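Reader: I would like to go through the terms used for this structure and see what each one rests on. Please set the values against the cut-offs.

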Amino acid sequence: MGEDLIWFMEHIIGEAAVVSGHSSGGLLAAWLAANSPENAAGIVLEDPPLFSGEGERALQTFAWIDSFTPAHDFLNQNVIQDYPLYYLQHCRWIQFFGDAGEKIIDAAGRYRESHEGPLKFPFLPPSITRPFFFLDDYDPRFGNAFYDFSWFQGFDQAEILSRIQCPAVLIHNRWSIDENGILLGAMNDSDAQRSAALMKDCVLIDLDSGHNSHARRPKDFTAILVEFSGRIDD
């Protein structure tokens, strides 16, 4: 994927650019900056799961339970072919609705039978339903690459970060640990501070936002980009 980004920048953009990546996209942006510095004028890493997805720690993250495990299990069954419906039935957050969760799943099945396009839940807030606008195009093998750790094969995060020379901003959003020791968020404070310290010219910004801050806090996210552009210009 990083090599595809390099090709895109060299053949389509044609010059160095600021690369912004959200979540796993932040890992890709970091890889790009380290391995193709001539194409990276700067990078914006929006709440990437730096270090939290490694080894045993990964098993204690919300992403592992809610995203990567359902993707893996979906690929190892042949009963349900509709991934969005399968994910809805097996995701972690549906449990927060208690008995109403089954009603949500039933409503999704009925909607799927009579509508084309992505699943829609008009009775739920956009913060929950937004991912379903894209889930029909999601390849569960992507999530499975985090489940079996093949994503990190040859990807030493500390080594990658230490080779980044361009200006960088690392946005760290809210996080917490639940009663079962599960990390609710992309990374903890220690991960964020370690990551920022490894980069040569990085500003760490703690933002009071959910994981998707460019959608949840667009004005704040835009202000960060504007300020960062000033660093690039200087």
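Reader: Why is R112 called buried?

Author: The relative accessible area of R112 is 19%. Buried means under 20%, exposed means over 50%, and partly exposed lies in between (1.4 Å probe, protein chains only). R112 is therefore buried. This is a predicted model, in which local features need pLDDT of at least 70 and side-chain atom pairs count only at pLDDT 80 or more, while totals for chains, interfaces and linings use all residues. Residues are numbered from 1 along each chain as its sequence is written, and side-chain values use heavy atoms, with hydrogens and water left out.

Reader: What makes D136 and R112 a salt bridge?

Author: The term requires a side-chain nitrogen of Lys or Arg within 4 Å of a carboxyl oxygen of Asp or Glu. Between D136 and R112 the closest N and O atoms are 2.5 Å apart, so the pair meets the rule. The two residues are 24 apart and link distant parts of the chain: D136 sits in the loop between helix 7 (126-129) and helix 8 (140-147), and R112 in helix 6 (residues 100-114). Helices here are DSSP runs of H or I with at least four residues, and strands are runs of E with at least two, numbered from the N terminus. D136 has a relative accessible area of 37% and is therefore partly exposed.

Reader: How many salt bridges are found in the whole structure?

Author: The search finds nine. One of them joins D139 to R141, with the closest N and O atoms 2.7 Å apart. D139, at 30%, is partly exposed, whereas R141, at 58%, counts as exposed.

Reader: What separates R231 and D201 in sequence, and how do you know that they pair?

Author: Their closest N and O atoms are 2.9 Å apart, which is the basis for calling the pair a salt bridge. R231 lies in helix 12 (residues 218-233) and D201 in the loop between helix 10 (189-198) and strand 6, so the pair ties together parts that are 30 residues apart in sequence. Elsewhere, salt bridges with shared partners join D82, R112 and D136 into one network.

Reader: What makes a set of residues a nonpolar core, and which members have the most contacts inside the largest one?

Author: A nonpolar core is a set of buried Ala, Val, Leu, Ile, Met, Phe, Trp, Tyr and Cys residues joined through side-chain atoms within 4.5 Å. The largest has 35 residues, and I43, I164 and M199 have the most contacts inside it. Its largest share, seven residues, comes from helix 2 (residues 24-35). Another core lies apart from it, with 19 residues, among them F74, W93, I94 and I104.

Reader: Where is N212, and why does it count as buried?

Author: N212 is in the loop between strand 6 (202-206) and helix 11 (213-216). Its relative accessibility is 18%, so N212 counts as buried. Leaving aside residues up to four places away in sequence, N212 touches H22, E46 and R130, contact being heavy atoms within 4.5 Å.
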